[in-house]
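Subject: Handing over the two-chain model

Hello,

Here is the structure I promised to pass on to you. Please open it alongside this email, and read on once you have had a first look.

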Amino acid sequence: MRHELTLRIGPATFRIGSAWRGPIDQLSRLYAVYPDAAGAIADFTVRLQPTSAIRQWVRPSIFITGDHGLADAAPMRLSHGLLAAEMGMNLQMALGWRRHLLLHASSVEKDGRVLVMTGESGSGKSTLAALLGERGWRLMGDEFALLDMATGAIMPFPRLVSLKNRAIDVVSGQVGEGRMGPLLAATAKGDIRHMVPRADAVARMDEGGMPALLLFPRFGHDRDVRPVGQAEIFMRLTQASTNYVALGEAGFTALTRFVRGVPARAIDFPTGDDAIAMVERLWEEMA
Amino acid sequence: MSAALLVRALRDPASVAGLDAAGWNGLIAAARAERLIATLAVQIEGLPVPDAVEPMLADARLDAAREARQALWEADRAAQALRALDVRVVLLKGTAYAAAGLKAGAGRFIGDLDILVPRDRLDAVEQALFAAGWEWAKPDPYDDAYYRQWMHELPPMIHATRDRMIDVHHTILPLTARPRPDAATLIAAAEPAGNGLYMLSAEDRVCHAVAHMLADGDLQGGLRNLWDIYGLLAEADPAALDRRVAIHGLAAHVRQARRLAASLYGAGARLTLWDRAVRARLLARDGWGRETRKALVFAFFVRSHWLRMPPLMLARHLWTKWRKGHRPQ
C-alpha cells in the first residue's frame, strides 16, 4: 500500500496500510507517544483502500478491511479516515484476537485493581473512563477490556478514546487541545473526536491488574444504583464479547470466574460529575 | 508476490527460517486471505519462528480445531435430522476430511456443511431439514428457481438457532456444465464416515475437489482447493483414480490438477501455457493480502460462468443479476 504505519497497543501490533496519506499522518501524530513499532511483525493487517479504483481520487471513499473484514462494511469518507483506521483496528481485534477474552468495556485502574464498565454505545462508559483517567485513575482502555484467561487479570488496550457528541466538550475542556484529535463531524455515530490517553497510561500499557468492580453505567437517567444477578451479568458479558464463542471452554471458564469473583452494580446518572461521585463511593464500599 | 511465499512455505516449511519481518507480514497476510493460515501453522509446527509469530500460529491451530469440532457437530445434527429417511448422506469437502482425519483436513478452514444425497430423495431431505430447524438462507424467487432447475445443489439453507449453513448437493457440478459426473456411482461407492454418515471414496474425493476447482469455479480460494487436491492425490490409488476419472468425464481436469499440484506444492511439473495462466491466477495475492492482477481475476470470473452455462443462458443470467445489483468482487 502507498502509506503505512505499524502501531503497538498493549499486546497487539497493527500494520495499517492506506491508499491515502491523510489517515496515516493523523495516526502518526496522535500515536506519537506510543512505542515505535516500525519494522515489527504485526498481529494484524488493516487496509484502508478505495471502494473502487476511481474512488481513490474522485469523491474518495474508504473500504475498511484487512486480515479480517466484513463484506458489507459501509464505506467512509476520506475526511473520516482516522475513524476508519480506528474501526479497522477494532475489527481485527473483534474478529481475530484469541489471546484474551475480549469484553466490549472500558477499564481504569487504581492501586493495581481494575474497574470495568460495560454497556451499549452511548451508555457513557467511554466518557466515564476518560474522565476518571484524568482524576487519579489509570485509563486502561475504552473499547476492549482484555481478560487474561490464565490469571483472571484485566490487561490494558489503551487506544485513542473515542468521544461522541456531547462528551466531546465535557472531556476536551479537561484534557486540553494538545491531546485531542480532529473533529470528525457527522459520522454514522454523530460527531466524534479522539483523545490521546495520558502518557503514563501509555507507558504502563503492558501492566494489567485484577478486576475489583464491574459497573453497567447508563447515562441520562436519575441517579440510581441496582444490584445485578450473576446470571444476567453472565448473559450480558457473553453478548458484550466478540470472541466468547470462538474461545470455547477456556472462554467459558474465564468468564465464569470473572462473574463469580467480581462484584457488580448497574448505575444510572444524569451528569458526568454525578457518575464520578457514584463510582468513587461504590469503589470505596465494594472494591 | 506473497502468494508465492505462501506456496513455498507449504511446499518447504523449513524455508520460513529465512524470512525477515516484512516477509512474515506478507506470508501471514496472504495465508489469512487464502484461508490457509491454520494449514500453514500445522505445516510449520515445531520449527523455530520469531516470538511474535508463534502465538499467531497457535491461535490459528486452535481456531482450526474448533472449526473441525463445530463441523462434526453440525454433521451429527444433520445425520440426526435425516436418520429416519433411510437415505445415504455423504459428507463432502472439509467436514468429510475432518471426519476421516485426512491429511487434507489438517488445519483446514471449514465453512458450510456440504452433503450429497440422491436426487430423487431431495424433497424428503428438504422437508426433514425444515422439520429440524433449517430454513432458506436468502429467499429469492429467481435464485430458488435457478438453483432448482440448473444447479447441483439446493439453495443454501441455514439453521435458525445455530446459524450454520448447509448445502444439499445431488451431484458435484451444475447440470449445465459440460462434464457430467455420475452422481449415482459417487453415492454407491461412498464409504462409511462414522455416525451413520458416508464420505466419497478416496478417488471420488479427488474427482470432486478437481471438479469444484477447475471445472466450475473462478479459482477464488484456489490455493486452498489445490492444497486439498495435493493431499487427496497422495491418498488415492492411481489406477482406481483413472477408472473413476473416466466415468465422471474429468480426465483432462484431473491431469491439469496433478500438474498444478506438483508444480506448486510438490516436486515440480512441466506446465502448459494454459496451466501457467491458472497458476498466475492462483498466485494473484500481494503482501497486504490484496488480490492483484484484476484483469486476469475478472477473466476467470467470466470463464467460470461460461463453463457453467450455454451463452444465451449466461447472458440472461448476468443481466438478471446485474439488475439486482450484484457485482463481481
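Below is what I found, going from each chain to the contact and then to a few single residues.

Please keep in mind that this is a predicted model.

**Chain A**

Let me begin with chain A, whose secondary structure comes to eight helices and 16 strands. Its C-alpha trace spans about 60 × 45 × 35 Å along the principal axes. Buried residues make up 58% of chain A. If you look at contacts between residues at least 6 apart in sequence, 69% of them join residues at least 24 apart.

**Chain B**

Chain B has 15 helices and seven strands. Along its principal axes, the C-alpha trace covers about 55 × 45 × 45 Å. A compact globule of 329 residues would have a radius of gyration near 20 Å, and chain B agrees with this at 20 Å. Of its residues, 56% count as buried. For contacts in chain B with a separation of 6 or more, 66% come from residues 24 or more positions apart. Chain B exposes about 14300 Å², and carbon and sulfur atoms account for 55% of that. It carries 43 positive and 37 negative side chains, with the centres of the two sets 6 Å apart.

**Where the chains meet**

Together the two chains bury about 1700 Å² between them, of which 52% is on carbon and sulfur atoms. Three residues, B:N25, B:R32 and B:W288, supply 42% of the area that chain B buries against chain A, more than any other three residues.

One residue to look at here is A:D43, found in the loop between α1 (21–30) and β3 (44–50) of chain A. Is A:D43 buried or exposed? At 5% relative accessibility, A:D43 counts as buried. Leaving out residues up to four places away in sequence, A:D43 touches residues of chain A including A:P11, A:D67, A:W97 and A:R99. From chain B, A:D43 touches B:R32, B:A52 and B:M56. B:R32 is also one of the three residues named above for the area that chain B buries. The C-alpha atoms of A:D43 and A:M140 are separated by 20 Å, and the two residues are 97 residues apart along the chain.

**Two positive phi angles**

Most residues other than glycine have a negative phi. Two residues here are worth a look with that in mind. A:N165 is not a glycine, yet its phi is positive, at about 50°. You will find A:N165 in the loop between β11 (161–164) and α4 (166–175) of chain A. A:N165 is partly exposed, with a relative accessible area of 41%.

The other is B:D86, a residue other than glycine with a positive phi near 60°. B:D86 sits in the loop between α4 (54–82) and β1 (90–91) of chain B. With a relative accessible area of 71%, B:D86 is exposed.

Best wishes, and enjoy exploring the model!

Conventions
Residues are numbered from 1 along each chain as its sequence is written. Chains are lettered from A and ligands numbered from 1 in the order in which they are written. This is a predicted model: local features need pLDDT of at least 70, side-chain atom pairs count only at pLDDT 80 or more; totals for chains, interfaces and linings use all residues. Side-chain values use heavy atoms; hydrogens and water are left out. Helices (H or I, at least four residues) and strands (E, at least two) are DSSP runs, numbered from the N terminus. The radius of gyration is taken over C-alpha atoms; the globule rule is 2.2 Å times the number of residues to the power 0.38. Buried means under 20% relative accessible area, exposed over 50%, partly exposed in between (1.4 Å probe, protein chains only). Contact means heavy atoms within 4.5 Å. Accessible areas come from the Shrake-Rupley method with a 1.4 Å probe; for residues, only the protein chains shown count as cover. Lys and Arg count as positive and Asp and Glu as negative; His and the chain ends are not counted. The place of a charge is taken as NZ of Lys, CZ of Arg, CG of Asp or CD of Glu. Buried area is the accessible area (1.4 Å probe) that two parts lose on being put together, summed over both.
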